Amino acid sequence: MAPIQKKPKKKTKYKHKQVSLVVPVEPKTNEVDWWESFWHKNSTAPGYSVPNDESQGFKYFFRVSETTFEYICSLVREDLISRPPSGLINIEGRLLSVEKQVAIALRRLASGESQVSVGASFGVGQSTVSQVTWRFVEALEERAKRHLNWPDSDRMQEIKSGFEALYGLPNCCGAIGATHVVMTLPAVQTSDDWCDQEKNYSMLLQGIVDHEMRFIDIVTGLPGGMTFSRLLKCSTFFKLSQNGERLNGNVRNLGGDMIREYVVGGYSYPLLPWLMTRYETSGGSDSMSTFNHKHEAARLLAVRALSLLKGSWKILSKVMWRPDKKKLPSIILTCCLLHNIIIDCGDTLDPEVALSDHHDSGYREQYCKQVDPSGRTVRENLAKHLRHGMQLDAHGTSATSVHLI
């Protein structure tokens, strides 16, 4: 059907009124002073041990330096200014700048305080904190993907060199660990799946870190009722490694001992060709003791990384009150991305904010009895090589030549 034609209206005289189109531009606000206002309000508040220096105080509140903060703002700027809902205003009625939105989100994640408390410290309402934090999480999850991915071959070679230089472990590609993110759930959502071994409701996070405690692989979203070994087997990392699509780089021939790529893990994991666990006996041979010592030193990287993660972003270490289980994995991923961004920007992970206890304080260590014969062979080759290296060092003899296959 042909379009309906409208009859031309008669021209009438009227006063000209200029109409401007609404475009997604950053609101012009006097938000340069958001930090001054926040600092003045919170630097002397009871319950905080805030450094006197403002730059140190900035990092105390937001876990990142001002330079890293600016970088994070640049990542999410387009997302935070392109669709500003009418609710994102402060108590004076001004739209929030990107910087203030990022600060609110970082403070919520870093402190783990209630949305009401965080809102009060910035002069915004609880609903604004909720909206801002979730928009930030969505934006960073999309824009910061490059900060958490499996390393390419060149980067993996740097990681392997780092583990060997620091811990004497040849061809080691990472350290694996897992932790519980504890939460309370409404009665209608409770189930045995989410109830873990310590009778808490929790969600699991498995992480693999490199020699600099950077996360290179994570899996989360699965219920705390799983064992860590079961969590591993549900991960894409496990499937790829089992199929030879990951940890499939050069095999090293160390004086006739064949050493493939692998990661190190604790007793809660199975011994596999690509996952090395410690010898259970404490009274074994010298080679077993040497292996256990070096293995444990490397494995503790994952423990320290998870302690830093949950200590820096306390939203993960405090008991979450009825979180949305569909959104919680994104919050956990965002905290891991922020952890990596700090490292990638040359910023420092503050050891003082790490949890003073184990990252899974109150949880007993899990034990997995599964032993793959091929994994046992790789571990024996490693132990023999490490013991041989110790003997060479003791006699001042140069090490055996290394060949890549």
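## Basis

This is a predicted model, in which local features need pLDDT of at least 70 and side-chain atom pairs count only at pLDDT 80 or more, while totals for chains, interfaces and linings use all residues. Residues are numbered from 1 along each chain as its sequence is written, and side-chain values use heavy atoms, without hydrogens or water.

A pocket is an open set of points on a 1 Å grid over the protein atoms alone, where a 1.4 Å probe fits, with protein on both sides within 12 Å along at least five of seven lines; lining residues have an atom within 4 Å of a point. Grid points are joined across faces, edges and corners, and a volume is the space filled by probe spheres set on the points.

## Largest pocket

The largest pocket holds about 500 Å³ of space. It is lined by 21 residues, and Arg108, Gln115, Ile315, Pro323 and Ile331 are the closest to its centre.

Helix 6 gives the most to this lining, with 4 residues; helices (H or I, at least four residues) are DSSP runs numbered from the N terminus. Domain 1 (52-146) and domain 2 (148-394) both contribute to the lining, so the largest pocket lies between them; the domain bounds come from an automatic or database assignment.

## Second largest pocket

About 400 Å³ of space lies in the second largest pocket. Among its 22 lining residues, Lys59, Tyr60, Arg63, Asp350 and Val353 lie nearest the centre. Helix 2 (54-62) and helix 4 (98-111) each supply at least two lining residues.

The second largest pocket also lies between domain 1 and domain 2, because both give residues to its lining.
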